[in-house]
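Me: I should like to learn how to read a protein model feature by feature. May we work through one together?

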Amino acid sequence: MADMGGHGSMAMAPAPAAPGRRKRYMHMTFYWGKNSEILFTGWPGASGGMYALALVAVFALAVLLEFLGSPCVLLLLQEPSSSSSRGSRRRAAAAVVHAVRVGVGYLLMLALMSFNVGVLLAAVAGHAVGFLAFRAGLCGGRVQADGRRNKAELAPAACC
């Protein structure tokens, strides 16, 4: 093997940090605190208000994920037997809803990878509220002719 630049090994030293850029540390264990980065570089930063906004966003993503997997969305997208062109549009719409659901699931998973306990709690609370609202029948749902509600089947999680 040829000698690279007169050195005995081919390993390269890590590049020095650019002037003015701070070193970032990514947590690999759960931690409490508002100083974190969730989804985007520098967001929410050290501001308590922006951290609260980030928790609300994670909560909303979890509720949205439960809504997209709810029976009411599936009922809206059922294929009618009368028209094949309408059925094709509904299948395409179902594919779009599925893609959005998977995308939201992955965004939520990436937010959880910040290892911030507040983010974890906001996601779990969002899933619980979304489940109660859209899948357990508290905010509507189909009612059978005898007045009983249909039991919602649990759809598989989008990220698993």
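Me: How many residues has helix H4, and how far does H4 reach from its first C-alpha to its last?

Reply: This is a predicted model, in which local features need pLDDT of at least 70, side-chain atom pairs count only at pLDDT 80 or more, and totals for chains, interfaces and linings use all residues. Residues are numbered from 1 along each chain as its sequence is written, and side-chain values use heavy atoms, with hydrogens and water left out. Helices (H or I, at least four residues) and strands (E, at least two) are DSSP runs, numbered from the N terminus. The expected span of a helix is 1.5 Å times one less than its number of residues. Helix H4 covers residues 117-135, which is 19 residues, and reaches 26 Å, close to the expected 27 Å.

Me: Which elements does the protein chain contain, and in what pattern?

Reply: The chain has four helices and two strands. Along the sequence they follow the pattern β-β-α-α-α-α.

Me: How confident is the predictor in the chain?

Reply: Confidence is given by pLDDT, a score for each residue from 0 to 100. The chain averages 77, and 64% of the residues score at least 70. Among the elements, H1 has the highest mean pLDDT (95), while helix H2 (residues 71-76) has the lowest (78).

Me: Where does pLDDT stay under 50?

Reply: It does so over residues 142-147, for which the model has seven contacts beyond four places in sequence; a contact means heavy atoms within 4.5 Å. Where pLDDT is low, the predicted coordinates should not be read in detail.

Me: Which residues of H4 are buried?

Reply: Buried means under 20% relative accessible area, exposed over 50%, and partly exposed in between (1.4 Å probe, protein chains only). In H4, the buried residues include Val-117, Val-119, Ala-122 and Gly-126. Across the chain, buried residues make up 22% of the 160 residues.

Me: Is Arg-135 buried or exposed, and what does its side chain contact?

Reply: Arg-135 belongs to H4 and counts as buried because its relative accessible area is 9%. Its side chain makes a polar contact of 2.6 Å with the side chain of Glu-66. A polar contact is a pair of N or O atoms within 3.5 Å; within protein, one must be able to donate a hydrogen and the other to accept it, and residues adjacent in sequence count only if both atoms are side-chain atoms.

Me: Why is Val-129 classed as partly exposed?

Reply: Val-129, also in H4, is partly exposed because its relative accessible area is 39%. Leaving aside neighbours within four places in sequence, Val-129 is in contact with Phe-59 and Val-63.

Me: How many residues has the largest nonpolar core?

Reply: In soluble globular proteins, nonpolar side chains tend to be buried together. A nonpolar core is a set of buried Ala, Val, Leu, Ile, Met, Phe, Trp, Tyr and Cys residues joined through side-chain atoms within 4.5 Å. The largest one here has 14 residues, and Ile-38, Val-58, Leu-108, Ala-111 and Val-119 have the most contacts inside it. Helix H1 (48-68), helix H3 (84-112) and H4 each supply at least two residues of this core, and the largest share, six residues, comes from H1.

Me: Where does Ile-38 lie?

Reply: Ile-38 is in the loop between strand E1 (36-37) and strand E2 (44-45). Ile-38 is buried because its relative accessible area is 1%. Beyond four places in sequence, the residues Ile-38 touches include Trp-43, Tyr-51, Ala-111 and Val-119.

Me: Which peptide bond is cis, and which residues other than glycine have a positive phi?

Reply: Most residues other than glycine have a negative phi, and most peptide bonds are trans. A cis peptide bond joins Trp-43 and Pro-44, with omega about 10°; Pro-44 lies in E2. Leu-39 has a positive phi of about 70° and is found in the loop between E1 and E2. Phe-115, with phi near 65°, is placed in the loop between H3 and H4.
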